[in-house]
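Thanks for making time for this.

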Amino acid sequence: MTSTEREQKVLSLQEAYQALIKELDCTPEDIAHRMDDGRNTILYRLQWSKTYLKNAGLLEYPKRAHFQLTQAGKKVDLKNVAQIDKSFLSKFEGFNDFKNISTKSNQLNFENSIDAVKEDL
């Protein structure tokens, strides 16, 4: 598969999961690892990564449980990226908006919890 074909490809979550465990050379133990609540660790992290990349505008979801690179995602030169983390993603306005909404939502939930406790007193 050429680079251009990969850029155009719509991946299912399962295809991405299989490609990831192959790329990372995961052991059977890595693949079987579960979080305390029983969810598969690799799949859980893949799903959060998709969320972050989508909010940064680098991925889009053309249909349920499938994703592909956006034009912005295709422009990222991975040869010049040491690590894709929150610091890297914060270069994209959509990711910053996502972080701000999440922060405001958490703050509002905390404030509502405090108000509910005050009412109980």
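Let me begin with accessibility: I call a residue buried when its relative accessible area is under 20%, exposed when that area is over 50%, and partly exposed in between, using a 1.4 Å probe and protein chains only. What you see is a predicted model, in which local features need pLDDT of at least 70 and side-chain atom pairs count only at pLDDT 80 or more, while totals for chains, interfaces and linings use all residues. Residues are numbered from 1 along each chain as its sequence is written, and side-chain values use heavy atoms, with hydrogens and water left out. Helices (H or I, at least four residues) and strands (E, at least two) are DSSP runs, numbered from the N terminus.

I will take helix H2 to start with, which spans residues 13-23 and in which Leu 13, Ala 16, Tyr 17 and Ile 21 are buried. Those residues lie on the same side of H2, because they cover an arc of only 130 degrees around the axis, the arc being that of the directions from the helix axis to the C-beta atoms. On the other side of H2 we find Lys 22 and Glu 23, both exposed. And what covers the buried residues of H2? The cover includes S1, helix H3 (28-32), H4 and S3, where contact means heavy atoms within 4.5 Å. Just after H2, Asp 25 adopts a positive phi of about 55 degrees.

Helix H4 covers residues 41-55, and Thr 41 is found in it. With 9% relative accessibility, Thr 41 counts as buried, and, leaving aside residues up to four places away in sequence, Thr 41 touches His 33, Arg 34 and Met 35.

Now the sheet. Two strands are taken to pair if DSSP finds at least two bridges between them, and on that basis 3 strands form an open sheet in the order S1-S3-S2, with antiparallel pairing. S1 and S2 are the edge strands, each pairing on one side only. S1 (residues 11-12) is joined to S3 (residues 66-69) over 2 bridges, and Ser 12 has His 66 as its bridge partner in S3. S2 (residues 59-60) is likewise joined to S3 by 2 bridges, with Leu 69 in S3 as the bridge partner of Leu 59. The hairpin of S2 and S3 has 5 residues between the strands, and there Ala 65 takes a positive phi near 65 degrees.

Lastly, the aromatic rings. Rings of Phe, Tyr and Trp (its six-membered ring) pair if their centres lie within 6.5 Å, and planes under 30 degrees apart count as stacked, over 60 as edge-to-face and the rest as tilted. By this rule the count comes to 5 aromatic pairs. Phe 88 and Phe 92 have ring centres 5.6 Å apart and planes at 65 degrees, so the pair is edge-to-face, and both residues are buried. For Phe 95 and Phe 98 the centres are 6.1 Å apart and the planes at 45 degrees, so that pair is tilted. Being 3 residues apart in helix H7 (residues 93-120), Phe 95 and Phe 98 are separated by about one helical turn, and both are buried. Ring pairs also link Trp 48, Tyr 52, Phe 95 and Phe 98 into a cluster.
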